[in-house]
Amino acid sequence: DEKVLQVQNLTKYFNLGKGRILQAVNDVTFHIYKGETFGLVGESGCGKSTIGRTIMGLYERTAGEVIYDGDNVHELDEKGKFKLRRKMQMIFQDPYASLNPRSTVKEVISEPMEVHKMHTSKKEQLEMVYQLLEEVGLNRDHANRYPHEFSGGQRQRIGIARSLALRPNFIIADEPISALDVSVQAQVVNLLKELQNDKGLTFLFIAHDLSMVKQISDRIGVMYLGNMVELTTSEDLYKDPLHPYTQALLSAIPIPDPDVEESRERIILQGELPSPINPPSGCVFRTRCPFAMDICAQEKPEWQEVEENHFVACHLYNDKHKNKKQQETIVN
Ligand code: SF4
Ligand code: MG
């Protein structure tokens, strides 16, 4: 499988002044395969959106690398960054906020095409607007109306049409359905899946709701306080969550699959979410972890692949990891 995006030890701090540093993203590593949907999940403020924006090059990184399609995003010159926009686009949570209320739908969708000189004539451009409207389940009669005349779900469709205007390959969807009614959420998710199949798109799908991410994603990364704590396939994360935080998140979701019915007790996390300005020493989750040990305050757990394609950062799996390493050594 071709890795279209590689995020290597990505760190993003914000200097808030007076010696206060917000550690939004800390040493995060993952990759995304061409054509897959990678879900990024965690409660608000855990750094998901910051990762999305740093991947887009909208934020400079503090450390680490983002490699997209062979390019180091943060080392591109202005021309390179401009070109990157054609390949990589973002969909935002609140489509209304991201659409100019004084522009017609036609203007909203054609603006990026004009900026990037995608079409040689106005007529060709307008045809493309009509085509995009149809692709997202709207029609050409909508072109001359204004975003505020539409429902939330329709506005998100307009936002999606705009994000597709430059024919990108990779889309970062930052909480694209969180602001929508539950009944509309599934429709927008289905639209994204259809577009993915038709166009071979790759998605980074950001959300705080694990049940939604699970439905749409091939693999999932779980974030807590700026750190990625677990990463595996959607299926394995659901069946065999390893990190105590993931276990707590999953315990809050009702289980529709009778095979998994075995006692999954509801884990209620104690304590408050610590501040990313002053995160706990060692494991960032230790102040709320039901299994915290002495070592958890002293050492930051390593990001390790404890089973094939299953990564976790937690001291509970140190032995497992060591045993596995030892076995490998013996075999060799
Ligand atoms: Fe809990 Fe320790 Fe694992 Fe952190 S490293 S999740 S505190 S057991
Ligand atoms: Mg966010």
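Student: How many of the residues in the protein are buried, as a percentage?

Tutor: A residue is buried if 20 or more other C-beta atoms, placed from the backbone, lie within 10 Å of its own, and in this predicted model buried residues make up 37% of the 332 residues.

Student: What is the mean pLDDT of the protein?

Tutor: pLDDT is the predictor's confidence in each residue, from 0 to 100; its mean here is 91, and 93% of the residues reach 70 or more. Over residues 323-327, however, pLDDT stays under 50. Local features need pLDDT of at least 70, and side-chain atom pairs count only at 80 or more, while totals for chains, interfaces and linings use all residues. Residues are numbered from 1 along each chain as its sequence is written.

Student: At what angle do helix α4 and helix α6 pack?

Tutor: Helices are DSSP runs (H or I, at least four residues), numbered from the N terminus, and axes are lines fitted to C-alpha atoms over the stretch in contact, with angles from 0 to 180 degrees between N-to-C directions. Helix α4 (residues 105-115) and helix α6 (residues 152-164) pack at about 30 degrees, their axes 7 Å apart. Angles under 35 degrees count as roughly parallel, and α4 and α6 are therefore roughly parallel to each other.

Key: Chains lettered and ligands numbered in written order. Buried ≥ 20, exposed ≤ 12 C-beta atoms within 10 Å, placed from the backbone. Contact = placed C-beta atoms within 7 Å. Helix = DSSP H or I, 4+ residues; strand = E, 2+ residues; numbered from the N terminus. Parallel < 35°, antiparallel > 145°, perpendicular 65-115°, else oblique.
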